[in-house]
Amino acid sequence: MSATTSPAPKKYRARKRLTVGAVAKNLSALVIAVVFVFPVYWMFSSSLKPQHEILTKDPVFVFTPTFENYSTATGVDLFWTYVTNSLVVTLGAVLLALLVALLASFALARMKFRGRKGIVLVVMMAQMAPWEVMVIAMYMISRENDMLNSIPVLTLIYFVMVLPFTIWTLRGFIAAVPVELEEAAQIDGCTRGQAFRKVIFPLLAPGLMSTSIFGFITAWNEFAMILMLNKDKETQTLTLWLTQFQTAFGSDWGATMAASTLFALPVLIVFLFLQRKAVGGMTAGAVKG
């Protein structure tokens with residue numbers, strides 16, 4: 001009598017398929033991560049290499065690090081002026097956009113008035129329009145009104161660039177908060193302003209953080225406006241500082257990579273800090289009564 005083998009249980013086969021699928025997904029995620037992270041690694045590693053190892057035909061992965069490129073990058077004239085201008089313009093634009101957008105998005109999400117849909121459509125169209133097409137118009141207006149080489153004017157322009165996305169995003173977050181929470185707070189004796197401040201505002205932490213990150217990145221990386229409007233070096237930002245290492249005699253790639261690494265650090269720091277705050281705001285808003 002020959003022994004018969006029973007087929008594998010369905011549960012085992014399903015678990016095997018699940019394991020193979022999980023491995024394939026993890027490998028795909030790893031490949032994608034390597035593709036995106038490698039340029040960042042190459043930028044950072046090149047900033048620590050001597051010039052002759054950067055320009056070599058064969059890639060150099062093992063080298064003795066040097067900080068000479070960072071000294072060259074930060075040793076240019078007015079470096080700290082560029083840093084200050086970038087921080088003032090970027091933070092000023094983001095804070096103004098958050099303040100105005102918070103009020104505007106609340107009105108668009110909660111209040112009913114004539115023309116509300118038209119305003120929402122205009123905000124969406126402003127978000128979709130490329131701001132590069134406005135460079136010439138901005139330059140002509142600034143020149144005619146003697147507003148060139150001005151940090152406050154540049155801050156206002158960046159504020160206008162960031163505002164549409166901020167309004168659109170915060171409107172969605174406010175609309176997602178149940179109106180019953182606001183009504184319950186008003187029944188308990190809160191005014192509409194108090195209900196917004198004590199109930200809705202704490203629940204908007206994720207939206208505020210995400211829009212802050214986007215606004216910071218947009219204003220921090222802006223190049224076309226500052227190139228056209230601010231020719232005076234004392235009113236320029238770090239985006240133009242990055243171009244100082246490319247001359248008619250060649251490019252100092254070591255200093256360029258070091259400058260690019262330093263330029264990316266504030267964005268990374270802001271992202272990591274605000275991401276943690278956003279998660280904390282979500283959990284805090286979930287347990288508040």
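Analyst: Let's start where α8 meets α9: on the α8 side you'll find Leu-181, Glu-182, Ala-185 and Gln-186, and they meet Arg-192, Ala-195, Val-199, Ile-200 and Leu-203 in α9. Contact here means heavy atoms within 4.5 Å. Helix α8 covers residues 179-187, and helix α9 covers residues 192-203. Helices (H or I, at least four residues) are DSSP runs, numbered from the N terminus.

A quick word on what you're looking at: this is a predicted model, where local features need pLDDT of at least 70 and side-chain atom pairs count only at pLDDT 80 or more, while totals for chains, interfaces and linings use all residues. Residues are numbered from 1 along each chain as its sequence is written, and side-chain values use heavy atoms, with hydrogens and water left out.

Now the geometry. Two packed helices are described by the angle between their axes and the distance between the axes. For α8 and α9, the axes come within 9 Å and cross at roughly 140°. The axes are lines fitted to C-alpha atoms, for helices over the stretch in contact, and angles run from 0 to 180 degrees between N-to-C directions. The crossing is right-handed, a label used if the near helix is turned clockwise from the far one by less than a right angle.

Keep your eye on Glu-182, one of the α8 residues that meet α9. Glu-182 also forms a salt bridge with Arg-110, with the closest N and O atoms 3.0 Å apart. This pair links distant parts of the chain, since Arg-110 sits in helix α4, 72 residues away from Glu-182. Side chains of opposite charge can pair when their charged atoms come close; the cut-off for a salt bridge is a side-chain nitrogen of Lys or Arg within 4 Å of a carboxyl oxygen of Asp or Glu. Both Glu-182 and Arg-110 are buried. Buried means under 20% relative accessible area, exposed over 50%, and partly exposed in between (1.4 Å probe, protein chains only).

Arg-143 counts as partly exposed because its relative accessibility is 40%, and Glu-144, at 58%, counts as exposed.

Key:
Helices (H or I, at least four residues) and strands (E, at least two) are DSSP runs, numbered from the N terminus.
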